[in-house]
Each structure stands twice: as structure tokens, then as C-alpha cells.
Amino acid sequence: MATRPELSTVPDTRFFGHPRGLATLFFTEMWERFSYYGMRAILIYYMTHKIAEGGLGFGDDKAGAVYGLYASMVYLLCLGGGWVADRITGQRRAVLIGGVFIAAGEFCLVVPSETSFYIGLVLLMMGTGMLKGNVSTIVGQIYPKGDPRRDSGFSLFYMGINLGALISPIFCGYVGERISWRLGFGVAGLGMLVGLVQYVLGGKYLGDAGLHPASTGDPEKDRRQKNNAIKAVGGGLGVFALLALAGVAGVIHFTATSIADMEGWALLGISVVVFSWMIFSRGWTLEERKRSAAILVLFVASALFWASFEQAGSSLSLFAERSTDRHIFGFLFPASWFQFVQPIFVVALAPVFAWIWLALARRGREPSSPAKFSSGLFFAGSAFAILIPASMMAAHGGQVAIWWLTGTYFLQTLGELSLSPVGLSAMSKLAPDRAAGFVMGIWFLSTSIGNWLAGRAASLYSAMPLPQLFGSVAGFTFAAMLLLIFLIRPTVRLMSGVR
Ligand code: PHE
């Protein structure tokens, strides 16, 4: 079992005051996100453009359904990826396998056929499921228990994520739009390969973090669990293949909305099963079960946060395109350029947040994770609140200054940095050692739900007046914040010593 280093040993500070291993993980995740966001930036265009234009010629309905299914499955599968790492492979090997799947998936998309397109998407879902959560889990494991640098380490790691998100649409988008969509996917695949080489070469700095599956302490029991897990994965893959087939068939034959409905129920069902198991199963100690209840509180807050945040690419993009005057010095810039704004803010502000947490921690005044989460919800709510006057001005076809949306994105980023890296860090602290990967998967499940809710909210865009839509999002988010503020104390108690 991966033992965590003791705090008493001399701390490794070779990467901006953090262990050198963080650099390896930082760049691995940077390239993975490069690949993910680069691919995502051109996915919808590739699907909707005519075959003569090098696209697949899908209608908006079908393209939207595939896009939604893909985006939420990617994070949902992190749950399975975390479990496989805990029981069979350990996180380190899981990340390697995930990276290979992702690169293979991107290269499948380069092939001009609809079949290889779907195969590629499935490989990408499985690969991201294996890589994304597990690389975050390893970040948690390179710090000794109780090391005050952990939250700030996750903030730095988060910068890597956004650096990848920032540069890839430039490369993949350029090659995709100017040369061919499919070659754009090839560039995304190459990025993942670079990341893999870096990961393998930098592995020596990771010590034994994530090297082995988690142990129960009894080798005989471990062996039995591993064998059962391997059998279960066989079954699980079968079920997944069936689901994927049903999904593709569904996309082709049903409407986008009926698929989205089914998916919502599936996500709810999975969450209920997961938390019932984590909180009520006798297999956990009382302390572990209490911590799982705390995870549930953070889980709900996180899902609601992402529900508003993830509208950045949907309803807010529509607002950018239809109701925002995008002239700067006489130049009309494309609406999609707004996609850069958030990652730029993140990269600029992540070090500031890392520094603030560390400075507060040194004085013993660092806020608890649920307190940081409530401020995340506050910023997310405010981001939509300022759009209420903006959308009133834009009623009847008017256009508002770009500063409104820029302000929204800025506030969203403050929220993101108060919640997202903190959430990753909290999961790594609250998880029982033998379920570290699985619990990280639970975190991604909350994102998956948030994305689903965001899609639903965005589909109301033309159905209700904008001030009402944005106002409701702000209202829900503020209500969640208030509720969470009342829950801070009991949650901190449930966390039993973890902050
Ligand atoms: N920008 C974040 C990322 O790509 C968004 C996200 C947060 C995704 C949490 C999944 C989970 O990592």
C-alpha cells in the first residue's frame, strides 16, 4: 500500500515550494486537458458541418445529444476509473492506461468514418475516466498527511489544467478550422502523447505515491478483493459496451431531450447508490462514514455550483453571440473568443489563491472547506446576478458592453478557485485510504450532474425572459449558499479533524 511520507522528514520544495512530483502531475494534466479541450472546441463543428466540408453532416439535434452524452459520460466514468485504480491497478498505472486510451481515441477521430468516430469517443470516455480523477488522487498522495501545502498545491495543479485549456483551442482550433477538423483531433492526440512521455520520464519523482492498489492490511483479503474486482471489471465492461451501444442507437433514433431525461435519472440513481453504500455500509468505520456524510454535503454544493458555472459554454455563449456588442477598437471579435477569458483569469489568479490559503494557514486562520465552498457559491450567484440588469438592457434586441460578461466570467473564476481545487483537496483528505480513487470519482460525478443541470438550464434560453432565467440561476445559487452556511459547523464536525 502506498504509505504517505511523514511530515517530520525534510519537505521537498523543488517545484515552487512544492514537491518535484507535482511538476510531473502538473504537466501530465496540462497535456491531458490540452487534448480534452482542444478536441471539445471543434467537436460540435465537426459534427454539424456538411460532409463536403469535412464534417459528419449531423443535424443540430443529434450533434447536441452526442455532445451532451460525451461530456457527462467522461466525468461519470471517473467513478469507475477510481475504483479500478483502488482495487486493481493503483493510480499510477491507471493514469498511464488512461493516457494511451485517450491518444488512441483522438487518432480514431482522425479516420474519416462515423463508426471510428463513435469508437474514438468511447475510447476517450474510458481514457479520461481512468486518467482525470486518478492523476488528482496522486496529487493528494505526494503530500504527507496534515501538510499545510496541500490546498495550495491543488491550486497550482489547477493552473496546469487551465494552461492546457487555454492553449489548445488555439492549436487544435486553428488546424481544425483552417486545414481539417480531423487533423485538429490529431493535434489533440499528439498533445496527449507528449504528456505521456513526460509522465513516464517524470515518474521517478513521485516516490511510491499511487503505485499500488489500496490495501486492507490483510494480504489474503487484498488478493481476494483484487480477483473479484478483475471479474467485476469484465462484467462492467460488458455493461458499458451495451450502454454505449444503446446510447448510440438512442442518439440516432430518439430525440435529444428524451436521452437527457434518461441520463438525469441515471445520474440520480447512481448518486443514491454510491452514498447509501458510503454512509450505511458496515464495511467502513464510524469515522469514515461520518466523513462520507460530509462528502455528501460538499457533493450537493458542488453539483449546484457547476450547474451555474458550466453555462459558460452554453447560455452565456448565446448571450455573447446575440446580446453583446463585441467590437473592440472597431474590430468585431468572434463570440467563441470568450472561451479564453476564464482560463486566463484562472491562470492569473490561481497563484494568488494558492498564496492566500497558505498565508492564512500559517496564521492558523484558514477557512474550512465548506466555508470556502460557500464563498464559491456566493461568487457563482453574483456572476449571474449582474447579468439581470445586463439582460434587461439587452431586451428587445439591444446589445450590452462586453464588460458585463467579462465581469460574469471574472466572478465565476473567483468562485471556481474557491471551490474546485479545494474540492479536489478535500476529497483527498476525507477519503478512506483504501477508497481514495473512488472518492475522487464521486467528486467528478458531482461535476457530471452539474453539467447535466447546466444543459437543462441552457435549454430554457429561448423559453423564458432572460432576466428571469439568469435571476432564477442566481436565486438558486444564493439559496444553496445560505443553506451551506448553516451546514458549515455540523459538516466540519462530521469531517472529524480534516479541514
Ligand atoms: N476546468 C475544470 C477541469 O477541466 C473543470 C472541471 C472541474 C472538470 C471539476 C471536472 C471536474 O478540470
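User: Contact means heavy atoms within 4.5 Å. Leaving aside its neighbours within four places in sequence, which residues is methionine 39 in contact with?

Analyst: This is a predicted model, in which local features need pLDDT of at least 70 and side-chain atom pairs count only at pLDDT 80 or more, while totals for chains, interfaces and linings use all residues. Residues are numbered from 1 along each chain as its sequence is written, and side-chain values use heavy atoms, with hydrogens and water left out. Once neighbours within four places in sequence are set aside, the contacts of methionine 39 are Tyr70, Glu106, Leu109, Leu121, Leu124, Phe185 and Ala188.

User: How do α2 and α14 run relative to each other?

Analyst: Helices (H or I, at least four residues) and strands (E, at least two) are DSSP runs numbered from the N terminus, and axes are lines fitted to C-alpha atoms, for helices over the stretch in contact, with angles from 0 to 180 degrees between N-to-C directions. Angles under 35 degrees count as roughly parallel, over 145 as roughly antiparallel, 65 to 115 as roughly perpendicular and the rest as oblique. The axes of α2 and α14 come within 7 Å and cross at roughly 175°. The two helices are therefore roughly antiparallel.

User: Which residues of α14 (residues 436–458) make the contact with α13 (residues 402–430)?

Analyst: The axes of α13 and α14 come within 8 Å and cross at roughly 150°, which makes the pair roughly antiparallel. From α13, the contact uses Leu419, Ser420, Gly423, Leu424, Met427 and Ser428. From α14, it uses Val439, Met440, Trp443 and Phe444.

User: How many charged residues are in the contact of α8 with α14?

Analyst: Helix α8 (residues 286–309) packs on α14 at an angle of about 35°, with the axes 7 Å apart. The α8 side includes Phe299 and Trp306, and the α14 side includes Ile442 and Leu453. Ala, Val, Leu, Ile, Met, Phe, Trp, Tyr, Cys and Pro count as nonpolar, Asp, Glu, Lys and Arg as charged, and the others, Gly among them, as polar. By class, this contact has 14 nonpolar residues, four polar and, as for charged residues, none.

User: What is the relative accessible area of threonine 137?

Analyst: Threonine 137 lies in helix α3 (residues 114–141). Not counting residues up to four places away in sequence, threonine 137 touches Gln91, Ala436, Gly437 and Met440. Threonine 137 is buried, and its relative accessible area is 3%.

User: How far apart in space are alanine 380 and phenylalanine 353, C-alpha to C-alpha?

Analyst: Alanine 380 sits in helix α11 and is buried, at a relative accessible area of 2%. With neighbours within four places in sequence left aside, alanine 380 is in contact with Phe305, Ser308 and Thr477. Alanine 380 and phenylalanine 353 are 27 residues apart in sequence, and their C-alpha to C-alpha separation is 16 Å.

Conventions: Buried means under 20% relative accessible area, exposed over 50%, partly exposed in between (1.4 Å probe, protein chains only).
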